[in-house]
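Please read the following notes with the sequence and the model open side by side. They are arranged as numbered points, from the overall picture to single residues.

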Amino acid sequence: MSEKVPKTSQDLTVVVQTLLQQMQDKFQTMSDQIIGRIDEMSMRIDDLEKNISDLMTQAGVEELEEDIKFTETSGTA
């Protein structure tokens with residue numbers, strides 16, 4: 001932006017409109033970046049949940065949980 005001082009109301013209007021457009025552009029860029037990061041974080045969380053589930057399956061934790069639930073519901077605890 002130039003250091004020129006607006007001399008008329010039309011000049012001032014143009015300067016204000018330009019500033020508002022620049023602010024809107026920056027806001028849109030920041031919004032897009034935030035949404036992109038949220039999407040990336042969501043994908044990472046999904047991957048993490050899948051990996052944890054896979055590890056639990058490999059460790060046999062799900063089988064233990066099923067055995068515990070069966071024991072609790074059958075009343076032989």
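1. Overall content. The chain, seen here as a predicted model, has 2 helices and 0 strands.

2. Burial and surface. Of the 77 residues of the chain, 1% count as buried, the cut-off for that word being under 20% relative accessible area. The chain exposes about 7300 Å², and 59% of this area is supplied by carbon and sulfur atoms.

3. Helix α1. This element covers residues 9-59, which amounts to 51 residues. From the first C-alpha of α1 to its last, the distance is 74 Å. That value is close to the 75 Å expected at 1.5 Å a residue.

4. Salt bridges in general. Side chains of opposite charge can pair when their charged atoms come close. The rule applied here asks for a side-chain nitrogen of Lys or Arg within 4 Å of a carboxyl oxygen of Asp or Glu. By this rule the model has 2 salt bridges.

5. The pair E40 and R44. Their side chains form a salt bridge with an N to O distance of 3.0 Å. Both residues belong to helix α1, where they are 4 residues apart, or about one turn of the helix. Are the two partners buried or exposed? E40 counts as partly exposed because its relative accessibility is 37%, whereas R44, with a relative accessible area of 56%, is exposed.

6. The pair K50 and D54. A salt bridge also joins the side chains of K50 and D54, at 2.9 Å from N to O. These residues, too, lie in helix α1 with a spacing of 4 residues, about one turn of the helix. D54 has a relative accessible area of 32% and is therefore partly exposed.

7. A nonpolar patch. Which residues make the nonpolar surface patch of about 380 Å²? They are L12, V16, L20 and M23. Among them, M23 is placed in helix α1. M23 is classed as exposed because its relative accessible area is 56%, and the cut-off for exposed is over 50%.

Methods
Residues are numbered from 1 along each chain as its sequence is written. This is a predicted model: local features need pLDDT of at least 70, side-chain atom pairs count only at pLDDT 80 or more; totals for chains, interfaces and linings use all residues. Side-chain values use heavy atoms; hydrogens and water are left out. The expected span of a helix is 1.5 Å times one less than its number of residues. Buried means under 20% relative accessible area, exposed over 50%, partly exposed in between (1.4 Å probe, protein chains only). Patches are made of residues with over 30% relative accessible area and no salt bridge: like charges are joined within 9 Å, nonpolar side chains (Val, Leu, Ile, Met, Phe, Trp, Tyr) within 5 Å. Accessible areas come from the Shrake-Rupley method with a 1.4 Å probe; for residues, only the protein chains shown count as cover.
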